[in-house]
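Keep the viewer open as you read.

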Amino acid sequence: MNWGENLLDVPGFYIEEQTLRVIQDYMFSGFHILLSGNPGCGKTEFGQVWAKAYGLPYHKVNSGAIRSPRDWFGRWEFREGKGTIFVPSKFIEMIEQPGLIIIDEINRTTPDNHNPIMNILDGNREVYVEELNRMVHVHEKTLFLATRNIGRQHTGTFHLDHALEDRFQEIRLLLPPESAIIDLLQKRYPINTEDARQIAAITRKLNDMYEEELLSKTMGLRPALAAAALLARGNTLKTALTYSFVNRYSHEGGTDSEQTSVIQAIQGVVGYRVLT
Ligand SMILES: Nc1ncnc2c1ncn2[C@@H]1O[C@H](COP(=O)(O)OP(=O)(O)OP(=O)(O)O)[C@@H](O)[C@H]1O
Ligand SMILES: [Mg+2]
């Protein structure tokens, strides 16, 4: 793609046309993106498939692995014959060239660990790296896209500092509509349309129940893909739905359990007989 031109769609990935457009319009205007949304709705995957489709190198930082502020820049390592030397991180290497930097799960590291990237993400686009003894300038064609995990089931996440949050434009990714889920499932797995439709309907239903706070967790598209994989390898619909959807929910509480609500919701879609 020519730099600055928008992709009209991202092959293999569902995203609303307008959302895709706004993300790209922002990024090519120098704004950074923060993707939020329920688990399993494509936040982590989006940046990678978009960059591949655009023909842009990308690098994904796993923020949960940033344990101290200096981890962004690199680490000290002992090398035989050389003593202790500083090995710059891929992150530092990548911000000096065109590409997409995905800061995945940005709220999985504590706020003090964000300090080193504040200058990188503001208008200055530069940072002094003491270990390298020089200023590192962010390339004008380096784009930043962060993801944040939200949802009631997440532990180990932290509140984002306002100053950091202000450096991003937040975009919410939504679970695809039923027809798009059917399409995605059938593109990845050789399953028939009726099975794909039922899995998609269950996925939407459980997502709605989560939004209505009737369920404590949601996994977005993950159980749907898992069920399609089991079906494609010859398992029955009952096995696929039981292992991929039902077993993810607690059976504590017996007939009042979350698992019971999930089973009832699934039966509402596929009929009573399939799960018994
Ligand atoms: N919109 C989508 N289009 C295509 N595939 C999708 C989409 N959303 C999710 N998926 C698929 O679902 C799986 C989970 O997606 P991903 O890991 O990006 O979720 P996430 O939003 O980052 O979740 P979490 O909050 O748990 O980190 C991946 O296999 C991905 O391919
Ligand atoms: Mg993710």
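H6 gives the most to the lining of the second largest cavity, with four residues. Helices here are DSSP runs of H or I with at least four residues, while strands are runs of E with at least two, and both are numbered from the N terminus. By class, that makes five nonpolar, no polar and one charged. (Ala, Val, Leu, Ile, Met, Phe, Trp, Tyr, Cys and Pro count as nonpolar, Asp, Glu, Lys and Arg as charged, and the others, Gly among them, as polar.)

Before going on, a word on what you're looking at. This is a predicted model, in which local features need pLDDT of at least 70 and side-chain atom pairs count only at pLDDT 80 or more, while totals for chains, interfaces and linings use all residues; side-chain values use heavy atoms, with hydrogens and water left out. Residues are numbered from 1 along each chain as its sequence is written, with chains lettered from A and ligands numbered from 1 in the order in which they are written.

And what's a cavity? On a 1 Å grid over the protein atoms alone, a cavity is a set of points where a 1.4 Å probe fits but cannot get out; a pocket is an open set with protein on both sides within 12 Å along at least five of seven lines, and lining residues have an atom within 4 Å of a point. Points are joined across faces, edges and corners, and a volume is the space filled by probe spheres set on them.

There are two cavities of 30 Å³ or more. The largest cavity holds about 70 Å³, and helix H7 (residues 193–211) supplies the largest share of its lining, three residues. The residues around the largest cavity include Leu175, Thr203, Lys217, Phe245 and Tyr249, and the lining splits into six nonpolar, four polar and one charged. Two of these lining residues, Lys217 and Tyr249, also meet in another way: the charged end of Lys217 sits over the ring of Tyr249, 5.7 Å from its centre. (That label needs NZ of Lys or CZ of Arg within 6 Å of the ring centre and within 35 degrees of the ring normal.)

Now for the open space. The largest pocket takes up about 420 Å³. It has 22 lining residues, and Gly40, Cys41, Gly42, Glu45 and Arg222 lie nearest its centre. Helix H2 (43–54), helix H6 (178–188) and helix H8 (222–232) each give two or more residues to this lining, with H2 giving the most, three. Domain 1 (17–172) and domain 2 (178–275) each contribute at least three residues to the pocket lining; those bounds come from an automatic or database domain assignment.

Finally, the aromatics. Rings of Phe, Tyr and Trp (its six-membered ring) pair if their centres lie within 6.5 Å, with planes under 30 degrees apart called stacked, over 60 edge-to-face and the rest tilted. The count comes to eight aromatic pairs. One of them is Trp3 with Phe28, edge-to-face at 5.1 Å centre to centre and 80° between the planes. Trp3 lies in the segment before helix H1 (17–28) and Phe28 in helix H1, so the pair ties together parts that are 25 residues apart in sequence. Ring pairs also link these two with Trp50 and Tyr54 into a cluster.
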